[in-house]
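Please open the model in a viewer and keep the sequence panel at hand. The stops below each name a selection and then describe what is found there.

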Amino acid sequence: MSTNKRLISKYLPANYMDSCSITMKGKREISARDLFELMIENRPKAVSLTCKMRDLLIKPLGLKPRCIFMEEVLEETVHELIVGGDDVYMAFHVSVHCLPKVGEEQTVAITATVNYKKVAGAVYFLVIWGFYWSILKGVMKKVVKKIH
């Protein structure tokens with residue numbers, strides 16, 4: 001999925017970028033805001049607990065004590081929404097992107113960019129990367145099933 005003319009393109013180039021997408025069938029078109037809110041509502045309880053633990057651990061390091069899902073929306077159009085954070089170690093942005101429906105199918109995608117500012121940011125992201133993607137993909141699949 002191309003990032004041209006998308007809000008996420010403002011955060012490129014990035015040290016790390018990844019994306020996952022799902023094509024779903026349904027009668028109504030879902031907006032980026034709808035998908036984002038459903039993802040927040042359907043995140044596992046373990047994620048909220050992990051976020052609280054993360055906040056306690058990282059506060060002494062000068063990182064913002066908030067998890068990405070709790071961040072405010074930085075930018076938004078009907079088809080794309082950007083959340084993210086920026087601290088002394090790295091900048092992290094996530095795009096929730098919903099393409100317009102074609103027939104009964106609509107493709108939705110999550111794209112993440114990370115820009116490391118210090119070695120500690122790269123190390124931190126390396127530690128959380130697997131957990132982060134498994135949670136995002138799992139929540140996205142759960143939401144898509146709920147929409148059907």
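**Stop 1**

Begin by selecting methionine 17, which is found in strand β1. The model is a predicted one. Methionine 17 has a relative accessible area of 38%, and because this value falls between the limits of 20% and 50%, the residue is classed as partly exposed.

The peptide bond from leucine 12 to proline 13 is cis, with omega near 0 degrees. Proline 13 belongs to the segment that precedes β1.

**Stop 2: Strand β5 and its two partners**

Select residues 105–116, which make up strand β5. This strand is mostly covered, with 9 of its 12 residues buried. Then colour residues 16–25, strand β1; the pairing of β1 with β5 is antiparallel and runs over 10 bridges. To see one of these positions, select tyrosine 16, whose bridge partner in β5 is valine 114.

For the other partner, select residues 90–98, strand β4, which pairs with β5 in the antiparallel sense over 9 bridges. Here histidine 93 stands opposite threonine 113 of β5. Follow the chain from β4 into β5: the two strands form a hairpin, with 6 residues between them. Within that turn, select glycine 103, which has a positive phi of about 65 degrees.

**Stop 3: Glutamate 75**

Move to strand β2, residues 73–76, and select glutamate 75 within it. Is this glutamate 75 buried or exposed? Glutamate 75 is buried, because its relative accessible area is 15% and the limit for burial is under 20%.

Show the side chains around glutamate 75. Its side chain makes a polar contact with the side chain of lysine 10 at 2.4 Å, and another with the side chain of tyrosine 11 at 2.6 Å. If neighbours within four places in sequence are left aside, the residues in contact with glutamate 75 are Leu7, Lys10, Tyr11, Glu80, Leu81 and Ile82.

**Stop 4: The second largest cavity**

A search of the whole structure finds 2 cavities of 30 Å³ or more. The second largest cavity holds about 30 Å³ of space. To locate it, select Met24, Lys25, Gly26, Arg28, Lys101, Glu104, Gln106 and Ile147, which line this cavity. Colour the selection by class: the lining has 2 nonpolar, 2 polar and 4 charged residues.

**Stop 5: The whole chain**

Of its 148 residues, 44% count as buried.

Methods. Residues numbered from 1 in each chain as written. Predicted model: local features only at pLDDT ≥ 70, side-chain atom pairs only at ≥ 80, totals over all residues. Heavy atoms only, no water. Buried < 20%, exposed > 50% of the residue type's maximum accessible area, 1.4 Å probe, protein only. Helix = DSSP H or I, 4+ residues; strand = E, 2+ residues; numbered from the N terminus. Pairing = 2+ DSSP bridges. Polar contact = N/O pair within 3.5 Å; in protein donor to acceptor, adjacent residues only side chain to side chain. Contact = heavy atoms within 4.5 Å. 1 Å grid on protein atoms, 1.4 Å probe; cavity = no way out; pocket = protein on both sides within 12 Å on 5 of 7 lines; lining within 4 Å. Points joined across faces, edges and corners; volume = space filled by probe spheres on them. Nonpolar A, V, L, I, M, F, W, Y, C, P; charged D, E, K, R; others polar.
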